[in-house]
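Subject: Structure handover and what was found in it

Dear colleague,

I am passing on the structure below, with an account of what was found in it. Please keep it open beside this message as you read.

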Amino acid sequence: MHIVDVNNLVKRYKEVVALDHFDLHIEPGEVFGLLGPNGSGKTTAINCILQLLTYDKGEIKLFGEKMTPTRYDLKRKIGIVPQNVAVFEELTVRENIDYFCALYVEDKQKRRSLVDEAIEFVGLEDYTKFRPRKLSGGLLRRLNIACGIAHKPELIFFDEPTVAVDPQSRNSILEGILRLNREGSTVVYTSHYMEEVEEICTRIMIMDQGHALATGTNDELKAMIGTGERIRVEVNALDDALLGTVRALPNVLGATFDGTALEAACTNGTHNVSDVLGVLATAGVATGRIYAEPPTLNDVFLEITGKALRD
Amino acid sequence: MQAFKAALRIVLNHPVYLLVYVGFLSCMGVFISASINSGVADDGSYTATKVPIAVVDRDQSELSESLTAYLGETAELVDVADDSFAMQDAVATGEVRYLLVIPQGYGEDYLEAARTGAVEPTLESTYSFGTMAGTLVDEQVNQYLGLVRATAALEPDASVPSVLARADQAAAESADVETVQTPNGAKPADRFAFYLQWGSYTMTAAIVVCVGLLMSAFNRTDVHRRNLIAPVSTLRLGMQKAAACLLVTLAVWAITCGIGLAAFGSSLGGVPLPAVALVLATALVFSLVPLSIGFFLGQIGASEMVANAVGNIAGMVISFLGGAWISLDLLAPEVQTLSRFIPTSWYTEAIGQAIHLTEITPETVLPILGNIGIIALFAIALFAVGLAVGRLNLRSAEAGGNAGAKAAA
């Protein structure tokens, strides 16, 4: 049984099609990443799944049952960490977590322990009596997460939780998400940061313009494209003829020179680096640092859509 | 009850608003109401105020002494040294409100001028700038000298003592002062009524700010969406918020009326208990008007600052235009017409009628109940507008309306 099962979902904003026959199937226990540039339909998809938005066509099932705005039994098992910090500015950290937890857990004793756990989980023990406006951006994000996960949901949606967050808080948030997953929660994680998605997600869907372009594990997605290796060699100068020679190598898909370095995208091969360096050595070009990297999700996105994820 | 408790916490986490809008403004109302009828005792007696003045008599003539004695009858004479600094200090520090300097030879020159028709010599006088009392004393001086001049001109051969005696006799004539308690005049209980009429501002400001703050906190888009995702129906959440708003309104009403009763309760002895209850009921129904305004502000997502601004400005405007601070009779006819479209005018009228009830009969009570009904209609109309705006917001994609989603599902 899929924990999230979306079939043929269509959502239009007047003339704009935000979700175009969108399908999504998530298994229990996954950390599922929705990756795509801003405006690709990630948040719209989540909002439709959570019944915050109407949709024009399609079917949404959660935990194997049809989701409607009044399916409180299903809602009780869901947590949401929205993109924007959604807390009461007038309440303290503890009061905020307690309020949102109380929407799911009525038992006061049980709630107290859940709130304590959530505070400890996000590391806000020293700030329980602070009002949100006194917290830094990173701490606010942590509070936002605590409010969404305090009731220990089975399915948690994280909608771009690391936007505008410092690296330290970002790492803490990502570690927390993995910990929640280890404790049994299924996580749906949306982001336009490919590194984050690569780091924590067991399966990834790449989205653009309301379409699901590709779905699979990190390795599966990278295997879908021709690029097997990206080679970067620092050189002082490179003429067009030599660049043409590099491009003509059997495994090279493309090569560019930006004035400081040669960058070559290659198919999978065992001698790609030595082939490229051999051409440069033959021509007597002095080389600086050399990098050889496997393809990134950006390469996947680039190859599928013809544009970079960060364009 | 989670939303109910959180809503109350939101209000209680802003104790300054309650202190300033309910406590401070109510106390201000007590002081203003207590000053009604100042200078006229409730027993109807009248006592003229004696203003401190000083006369520096360099003449020491019969006329100057007689003038000084005349002024001493209606003012309090204060000794001030015949020294430039001392005189300036006395006036500047408010020790005296009026200072008169009679120059040497003034009496003789004045009588001579009066008898011959020549121009009279002048006196030096200084008034305190902070009050009109000095001007009035100066008028008394001119009046007395005018009587002396008239007597001396009419009887050129009369001796100085004779002229002054006749002038004293004429100056002693004065109109009797009697205070009259008119049937509709201010009664002790009117202080309580005025306090509650002033309370229209107190209650409006306090309730609009507190309810607006509470509602806007819940209606903030992101918080609202998070609540929609939770396994609690919007109806249940709405009921809890409404209960919190109502409790805040009741608390403001109770504190406002409680302070009024504590301050002026003893003056309500002559007012029948049902009439007092009617007055309090009028205030209670009126408190629903700012509740509706606060609800509306919350629905449009007004910020804390906007809620404060609207609470204060709306409170002042509707209190003033409703005749809570100044009797509507003193305002232009256009303003009086406009006031009928403001709930406060019906409120002040109902309070005024109820506090003067001597007997409770359908004929006396029905007009008051009519006014209360009109106030309630204002509250309902404003609430309906707020509700309509709220429904529109709820259905918008930005607010995450799931009413539409329900239809699609």
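Between chain A and chain B an area of about 3200 Å² is buried, and carbon and sulfur atoms give 60% of it; buried area here is the accessible area, taken with a 1.4 Å probe, that two parts lose on being put together, summed over both. On the side of chain A, the residues that lose the most area to chain B are Leu52(A), Glu90(A) and Leu103(A), which together make up 21% of what that side buries. In terms of contact (heavy atoms within 4.5 Å), 39 residues of chain A touch 35 residues of chain B.

Before going further, please note that this is a predicted model, in which local features need pLDDT of at least 70 and side-chain atom pairs count only at pLDDT 80 or more, while totals for chains, interfaces and linings use all residues. Residues are numbered from 1 along each chain as its sequence is written, chains are lettered from A and ligands numbered from 1 in the order in which they are written, and side-chain values use heavy atoms, with hydrogens and water left out.

Now to the salt bridges, each being a side-chain nitrogen of Lys or Arg within 4 Å of a carboxyl oxygen of Asp or Glu. Over all chains the search finds 23 of them, and three salt bridges lie across the interface of chain A and chain B. Glu106(A) and Arg236(B) form a salt bridge through their side chains, at 3.3 Å from N to O. Within chain A, Arg232(A) pairs with Glu263(A), with the closest N and O atoms 3.1 Å apart. This pair links distant parts of the chain, since Arg232(A) sits in strand β11 (residues 229–235) and Glu263(A) in strand β13 (residues 261–266), 31 residues apart. Helices (H or I, at least four residues) and strands (E, at least two) are DSSP runs, numbered from the N terminus.

The last topic is helix packing. Axes are lines fitted to C-alpha atoms, for helices over the stretch in contact, and angles run from 0 to 180 degrees between N-to-C directions. In chain B, helix α8 (residues 188–219) and helix α10 (residues 234–264) pack at an angle of about 155 degrees, with their axes 9 Å apart. α8(B) is therefore roughly antiparallel to α10(B), where angles under 35 degrees count as roughly parallel, over 145 as roughly antiparallel, 65 to 115 as roughly perpendicular and the rest as oblique.

Helix α1 (residues 2–12) of chain B also packs with α8(B), at an angle of about 130 degrees and with the axes 9 Å apart, so the two helices α1(B) and α8(B) are oblique to each other. In this contact Ala3(B), Ala6(B), Ala7(B), Ile10(B) and Val11(B) of α1(B) meet Cys210(B), Leu213(B), Leu214(B), Ala217(B) and Phe218(B) of α8(B).

In chain A, helix α3 (residues 93–102) and helix α5 (residues 137–149) pack at about 30 degrees, with their axes 7 Å apart, which means that α3(A) is roughly parallel to α5(A). Here Val93(A), Asn96(A), Ile97(A) and Phe100(A) of α3(A) meet Leu143(A), Ala146(A) and Cys147(A) of α5(A).

With best wishes
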